[in-house]
Amino acid sequence: MGDIHTIVGKREMAPMNAHRSFAARADIETILAGLGAARIDVPVLQPADPFLDMAGEELRRRIFVTQSETGEALCLRPEFTIPVCMAHLAAQSGPARHGYVGTVFRQRRAGGSEFLQAGIEDIGAADTLDADARSVADAATMIGRLGVPEGAVETVLGDQTVFDAVLAALGLPAGWRLALAHAFGSDAALAATLDRLSRPAPMPEMPAAIADPARAGDRAALEAAIAGEMRAASLPEAGGRAATDIAGRLLAKVEAAQHLPDPARLDALRAFLAISAPLAAAPDALAQWQSDAGVDISDAVAALAARTDALAARGRDPQATTYRASFGRRLDYYTGLVFEMRSTGGDVLAGGGRYDRLLPLLGAEAPTPGVGFSVWLDRVARAAGGVS
């Protein structure tokens, strides 16, 4: 067994500020191969637009952006999921399990801005329940083989589809649902959004030519009116100010202003977000919530129960995993299962989830499911007690 940087150095040099004395319990490439993942390498320098468009504000504000001599926006690789998916599409291959290990570059609240990650992206698997369960199980296996005792790791799981089903079942306005979806994954942001939605929203000030179609919800007429106003003011449709984009944001504001706060629905949403239970008990807790709220999310509850069974079939104890209704990961491409594994000291050692909309957004011609996880090797080193 060698130092972690010797192991990773087979393909890519490790950052100078990494944990040099972490003696790896197993060769990471051997771990990946044992989990059925073929090693893939992607360039450190990446086109910036996919990350800026699809990763979400939490990542966008932390990446390191530069520009090519031709004016193309580039960035240092801030994560692996997007570039691995792009490489998968470029290869025009069928279902595949891609394993990786290398340096990522992004600002963190604690720790250096370049650090090592390893992980697996499972792309195209038709049995999504089993693929979800396998991703959670593989993340736990990798952490364990790198020396972190199972009893020193806590797993928390959430589900974007359950959250979306709750918002739809409560009949919340589209603008509210969009605001809450952007806040999902941050307890503070959710609390602030709910507080804002509990107060009447002001009607935006608009010229009469725009106000009439906006209040009527006539999007085509609104876009035409906005485009006319922009031409009259000699404003270019660029930089996020296209008439279609402005119309969408304006309609959301008008809709929010036309809907008075409904305390009962907001209280029901708060009760849902407060649900935290062992995964084994989560389907019953959600069933009780839907009964109390007088809504139907039975399909989402059944899907969570099926995923719970799939995890058990992969050797993960549902009683030892925590389901939190408010738990999400602050990347916009997640669509379903999301999870994190944390040390008892509070460090996030691994995180991942399902991202079925990402590959179509990147150019896949047909719906292509995907799920994966990343392991933070510097934090694993700390949790394993291998840092000098």
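Tutor: Let us begin with helix α5, residues 81–91, whose buried residues are T81, I82, P83, V84, C85 and H88. Buried here stands for a relative accessible area under 20%, exposed for one over 50%, and partly exposed for anything in between, with a 1.4 Å probe and protein chains only. Helices are DSSP runs of H or I with at least four residues, strands are E runs of at least two, and both are numbered from the N terminus. The model is predicted: local features require pLDDT of at least 70 and side-chain atom pairs pLDDT 80 or more, while totals for chains, interfaces and linings use all residues. Residues are numbered from 1 along each chain as its sequence is written, and side-chain values rest on heavy atoms, with hydrogens and water left out.

The partners of α5 come next. Its buried residues pack against β2 (45–47), α3 (49–54), β5 (96–105), β6 and α16 (358–361); contact means heavy atoms within 4.5 Å. After α5 comes Q92, with a positive phi near 50°.

A cavity is a set of points on a 1 Å grid over the protein atoms alone where a 1.4 Å probe fits but cannot get out; a pocket is an open set with protein on both sides within 12 Å along at least five of seven lines; lining residues have an atom within 4 Å of a point. Points are joined across faces, edges and corners, and the volume is the space filled by probe spheres set on them. At least two lining residues of the largest cavity come from each of β6, α6 (128–145) and β12, and α6 gives the largest share, four residues. Among the lining residues are R97, I120, D122 and F373. By class, this lining has four nonpolar, two polar and four charged residues, where Ala, Val, Leu, Ile, Met, Phe, Trp, Tyr, Cys and Pro count as nonpolar, Asp, Glu, Lys and Arg as charged, and the others, Gly among them, as polar.

Strands β6 and β12 also belong to the open space. The largest pocket holds about 810 Å³. It is lined by 39 residues, of which E58, R62, R329, E340 and W376 are the closest to its centre. Two or more lining residues come from each of α4 (57–60), β6 (114–123), β10 (337–343), β11 (348–354) and β12 (370–376). The lining of this pocket comprises twelve nonpolar, twelve polar and 15 charged residues.

G185 lies between α8 (174–183) and α9 (187–197), and it is classed as partly exposed because its relative accessibility is 24%. Leaving aside residues up to four places away in sequence, G185 touches L190, S326, G328, R329 and R330. The C-alpha atoms of G185 and G328 are 3.6 Å apart, although 143 residues separate the two along the chain.

Helix α9 itself contains T193, which counts as buried because its relative accessibility is 7%. Leaving aside residues up to four places away in sequence, T193 touches A179, L180 and A183.
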